[in-house]
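Got the structure open and a selection tool ready? Here's a tour, stop by stop, of what to click on and what you'll find there.

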Protein chains: 4
Amino acid sequence: MSPPDRAAAAGLRPTATGRGADGSGRVLRARGQKTRARLLDAGATVFARRGFHAARVDDVVEVARSSHGTFYLYFSSKEDLFDQLVDRVATDLDALIDELPIVRDTEEGRAELRDWLARFAALYDRYGSVIRTWTEAELSGAPIGRHGQDVLARLTAAMARNLQTPARATLHPAITALALVTMVERLNYYVATSQVAATPDELLDTLVDVVTAALFG
Amino acid sequence: MSPPDRAAAAGLRPTATGRGADGSGRVLRARGQKTRARLLDAGATVFARRGFHAARVDDVVEVARSSHGTFYLYFSSKEDLFDQLVDRVATDLDALIDELPIVRDTEEGRAELRDWLARFAALYDRYGSVIRTWTEAELSGAPIGRHGQDVLARLTAAMARNLQTPARATLHPAITALALVTMVERLNYYVATSQVAATPDELLDTLVDVVTAALFG
Amino acid sequence: MSPPDRAAAAGLRPTATGRGADGSGRVLRARGQKTRARLLDAGATVFARRGFHAARVDDVVEVARSSHGTFYLYFSSKEDLFDQLVDRVATDLDALIDELPIVRDTEEGRAELRDWLARFAALYDRYGSVIRTWTEAELSGAPIGRHGQDVLARLTAAMARNLQTPARATLHPAITALALVTMVERLNYYVATSQVAATPDELLDTLVDVVTAALFG
Amino acid sequence: MSPPDRAAAAGLRPTATGRGADGSGRVLRARGQKTRARLLDAGATVFARRGFHAARVDDVVEVARSSHGTFYLYFSSKEDLFDQLVDRVATDLDALIDELPIVRDTEEGRAELRDWLARFAALYDRYGSVIRTWTEAELSGAPIGRHGQDVLARLTAAMARNLQTPARATLHPAITALALVTMVERLNYYVATSQVAATPDELLDTLVDVVTAALFG
DNA sequence: TATGAATGAGATTTCATTCAT
DNA sequence: AATGAATGAAATCTCATTCAT
């Protein structure tokens, strides 16, 4: 009745080496790797365009110039595709989070912050679609939503380290950090989706200004 | 938290005349008014839980303890229900936008800002579900999304008036305003959905601090 | 993501009264009862013709002159339909099992046995399709298969009571009983599916003879 | 239990010449023979586990540790694989049918019957999976099913020869024979699939007893 | 005014078969 | 001789909407 989940059974979880993570055996050759990557990219594109629910597998395979059958060779469901995209983004984002600098109100400090924000913007430009979809309701309860919340929590915690200075002792660290983080995320969102007319440079300059002001006002 | 008079008024305002919104010119008696209100409330609840796409008419009528047939007596489609909810929220929000004070770095100015933010929070507590769903709707470029964008634009414009002072002339007005607005919206979102542990008071205090700092840093 | 199973949630489990067995609320009116019955009958027909796997929901709704949507209003899946049919058959069969007579080698005893076998044949004629499908492989592990095994076990146990006489003490009760039961079932199968040319009367006469001979040989 | 020489011989007999069964006239070398045998064995296993319809080529090649491409090198379709398995079994079964003894109610006669039943059990142990699947195939009226019916008819006819004695002239020969045959088949089925707890010896003893009783009761 | 029932277009998913290496 | 990859027709299932009472 319940057919063995081929993709899952085959251990297709994404790994750069193309070897299933559970060691169950299936190894993807070059061509398979390419197809899988094409489907992941297409997924990012389509989820960005329509959100998780409105996105159809049909759209994904069309963008990837593949077929339904092929899709289910690599992903056990639409949700699985999203999961794997989330994994990818979370990994990249975690790496970035580790590098969030302690903001200083100096020429150098501002340069460091600006650089980090630029890298965040680059990542957002590529995978913002997935990040935005984290927010999409109903998923919030599911493990996916949780995953997104975890990353958000780590980012906020990293930002909160900036508030452990006497200067801003009066601010509630968790809330302030979250305020700054969401501001950064949303602004990137509005710029990435062209809902506000601003150049990337203007975005960065403003963010550096506002964040610094908030921290050292 | 949610101001009762506002909510009650908003519940009926769009059809205060008792005229059905489906263009049929049908006049609603007391019982019909009540059913319609129940469906609208249920819609807000369900859209909040699942988002626009994942929300099923089935869910709405179940929450409203009504039936499919009845639903289509009051709304011509699922989208229509959402539209009417948006109308309700947009009206209330526009009224609030008109009252956004010019922020001043004085005891009195902070009190005014705090008061405004409290009223925003109250509105968000009640109708945040719909506001959040705007984001999802925006992705599809539907007229609904446009409606949301308009309100956002008006709110941002109002906030931008705060930046036309010499003090902050260096900041990009549109972006900064948008940054502050989204920060306020998102923080309310995270508090309303209990994704961050903070009391409403802490939220308000922090927002007043950060907004003031950003404007007068 | 996982939409609430409408049929299951609605408590549509079959009950003559049309009230959900779990008391969850949904009550079927006359029309609904009729449609559900039509679908169950169609299921029996189609499963008989093609077996469980080859049967398509398409076939079932066509025979019932209904639609896909309606089908899933009453059954959560093809398997659920089968489950409910099994329930129905198992209940009837259990009632019959209780009445299996102790076989006696007298005119009267043979008449009793013949009568029972006739009733079994009637039931088999109606629901043999479902009974046969119990056998269909892979189902054996699933709860469905188990259900079938249970009924078989009860029938065999009832038959085994016939062997607790000194006369046949040398026979292995469980195996002998099973041998007789399967013989009865299979013969009905071959007659019902016209794979052997025999009249119902010939079938009954032969079965009475062989069973009696086996027990009193 | 399964007589090694028989099974081994049967494994290759249909293509003992090394000629592919797909009509391509391809001549198989040792390696090809081995692969083909592995696929046939895997087919028997999988058909047993899931039945004809539920069995996927995927499962077969996985059990055979081969690939889809290879499968279609040896078999033109899933049905072809089943056909070839049926051929294999039918050949063995026909040989056995020819040896069905005329049952006599003597020590020697019982020994002969017991020996024959033991050989049947051995064959069933090995290929019962395919025999069982005949039943499923019969439902669809496919040529495969017909094949199975033919073998059954021959077996029944052979058994019917046992009834042409004055002693049992009152019994309907075809039905009685079929009754005995199906009893033998089903009992082997239940023992082979461990659905009844009985040793092969108990099975044989009981079958000899019941068959003899039925014929000479 | 209300509602249970019915519908069918459209989405997801499966799997036998073919292809390219 | 072997195989990983790709395909698409066909199946299952969902749900917004209409119908009949």
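Predicted model: local features only at pLDDT ≥ 70, side-chain atom pairs only at ≥ 80, totals over all residues.

Start by selecting Arg126(D): it counts as buried, because it has 22 C-beta neighbours inside 10 Å (buried takes 20 or more other C-beta atoms within 10 Å of the residue's own, exposed 12 or fewer, partly exposed anything in between, with C-beta atoms placed from the backbone). Arg126(D) sits in helix 6 of chain D, residues 107–140 (helices are DSSP runs of H or I with at least four residues, strands are runs of E with at least two, and both are numbered from the N terminus).

Residues are numbered from 1 along each chain as its sequence is written, and chains are lettered from A and ligands numbered from 1 in the order in which they are written.

Next, select Leu187(C) and Leu187(D). These two have the most contacts inside the largest nonpolar core, which has 122 residues (such a core is a set of buried Ala, Val, Leu, Ile, Met, Phe, Trp, Tyr and Cys residues joined through C-beta atoms within 7 Å). Which residues does Leu187(D) contact, leaving aside neighbours within four places in sequence? From chain C come Ile175(C), Leu178(C), Ala179(C) and Thr182(C), and from chain D itself Leu203(D) and Leu207(D) (contact means C-beta atoms, placed from the backbone, within 7 Å). A second, separate core has 121 residues, including Val89(A), Val130(A), Val196(A) and Tyr124(B).

Stay with chains C and D and show their interface: 34 residues of chain C touch 36 of chain D. On the chain C side, helix 2 (30–54), helix 8 (173–192) and helix 9 (200–216) each supply at least two residues. Helix 8 gives the most, with 10 residues. Colour that side by class and you get 17 nonpolar, 10 polar and 7 charged residues (Ala, Val, Leu, Ile, Met, Phe, Trp, Tyr, Cys and Pro count as nonpolar, Asp, Glu, Lys and Arg as charged, and the others, Gly among them, as polar).

Over to chains A and B. Select helix 9 (residues 200–216) in each: the axes come within 8 Å and cross at roughly 120 degrees (axes are lines fitted to C-alpha atoms, for helices over the stretch in contact, and angles run from 0 to 180 degrees between N-to-C directions). Helix 9 of chain A and helix 9 of chain B are therefore oblique to each other (under 35 degrees is roughly parallel, over 145 roughly antiparallel, 65 to 115 roughly perpendicular, and the rest oblique). Show Val210(A), Ala213(A) and Ala214(A), which meet Val210(B), Ala213(B) and Ala214(B). That helix 9 contact has 6 nonpolar, no polar and no charged residues.

Leu180(A), Val184(A), Leu187(A) and Val191(A) of helix 8 make the contact with Pro200(A), Leu203(A), Leu207(A), Val211(A) and Ala214(A) of helix 9.

Technical notes: Contact = placed C-beta atoms within 7 Å.
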